[in-house]
Amino acid sequence: MKTKDVIRGKIWKLLPQRRVARFPGAEGRIPNFIGAEACAQMLAETSYWKKARVLKVNPDSPQRAIRHKALATGKIVYMAVPRLHSDKPFIELDPTKLKCSAYVASSIKGAAQHGRPVSLDEVRKIDLIVCGSVAVNQAGARVGKGGGYSDLEFALLSEAKKIGPETSIVTSVHPLQIVGEDIPMTEHDIPLSAIITPEEVIEVRSSFSRPKGIYWKILPKEKIAAIPVLQNRSRKIWAQ
């Protein structure tokens, strides 16, 4: 089985070679791709979307159209603060309270300027998670850009009971990001409920278990020290 780093490298090279990567590029990030806006329309036609009132969406460029559509249709969107580097690690975008257009608020800069920073306790119950991916397979495994923040955000929200077994997890990708090989999955990796491409919605019946919370033993001390919400939670655990 190939490592995640090998799979990432393959996709980061492939998308520009096939001329489907868009600004700001592919390597080192969740790649933006031609067809990202069509993914937003495909997702909007699913039951996942129609049942969801509150979404958590990653802040990367290829999912901006999804954030825009959610806000434009009256849904509340949560975005994580970059690297969770704040005591209030999420930004709440409530379309009924925004002082700007949904399009402006859907950008990283617009969300930071016009959204409301909130603590973990202030986050509402989430109905749908949209995560960014570098690569996925049809077994529901995914590869992110390597920081582990999507998995950590999921773990924090799970422990806070903001998401549950009924909360669907979807991703939007270019078809070239779907690989026909196994992807290594660990206990802290989040599995997918569906894969959205510009042409189709691929339903996934994943056999992977969802993370049940934070796996402290595998978290580097430096990461705990750099993330305020982890620092606070670790102090409480040690105090108990």
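**View 1. Contacts of His174 in the predicted model**. Leaving aside residues up to four places away in sequence, His174 touches Val20, Phe33 and Ile34. His174 sits in the loop between strand 8 and strand 9. Its relative accessible area is 13%, and His174 therefore counts as buried, the cut-off being under 20%.

**View 2. The buried residues of helix 2 and what covers them**. Helix 2 spans residues 36-44, and its buried residues are Ala36, Cys39, Ala40, Met42, Leu43 and Ala44. An α-helix has 3.6 residues a turn, so residues three or four places apart point the same way. The cover over the buried residues of helix 2 includes both helices and strands. Among the helices are helix 3 (47-51) and helix 4 (64-72). Among the strands are strand 5 (128-131), strand 8 (168-172), strand 9 (194-196) and strand 10 (201-203).

**View 3. The largest cavity and its lining**. The structure holds one cavity of 30 Å³ or more. The space in the largest cavity is about 40 Å³. Lys56, Ile129, Cys131, Ser150, Phe154 and Ile190 line the largest cavity. At least two of the lining residues come from strand 5, and at least two from helix 7 (149-159).

**View 4. Residue classes in the lining of the largest cavity**. Four of the lining residues are nonpolar, one is polar and one is charged.

Notes:
Residues are numbered from 1 along each chain as its sequence is written. This is a predicted model: local features need pLDDT of at least 70, side-chain atom pairs count only at pLDDT 80 or more; totals for chains, interfaces and linings use all residues. Side-chain values use heavy atoms; hydrogens and water are left out. Buried means under 20% relative accessible area, exposed over 50%, partly exposed in between (1.4 Å probe, protein chains only). Helices (H or I, at least four residues) and strands (E, at least two) are DSSP runs, numbered from the N terminus. Contact means heavy atoms within 4.5 Å. On a 1 Å grid over the protein atoms alone, a cavity is a set of points where a 1.4 Å probe fits but cannot get out, and a pocket is an open set with protein on both sides within 12 Å along at least five of seven lines; lining residues have an atom within 4 Å of a point. Grid points are joined across faces, edges and corners, and a volume is the space filled by probe spheres set on the points. Ala, Val, Leu, Ile, Met, Phe, Trp, Tyr, Cys and Pro count as nonpolar, Asp, Glu, Lys and Arg as charged, and the others, Gly among them, as polar.
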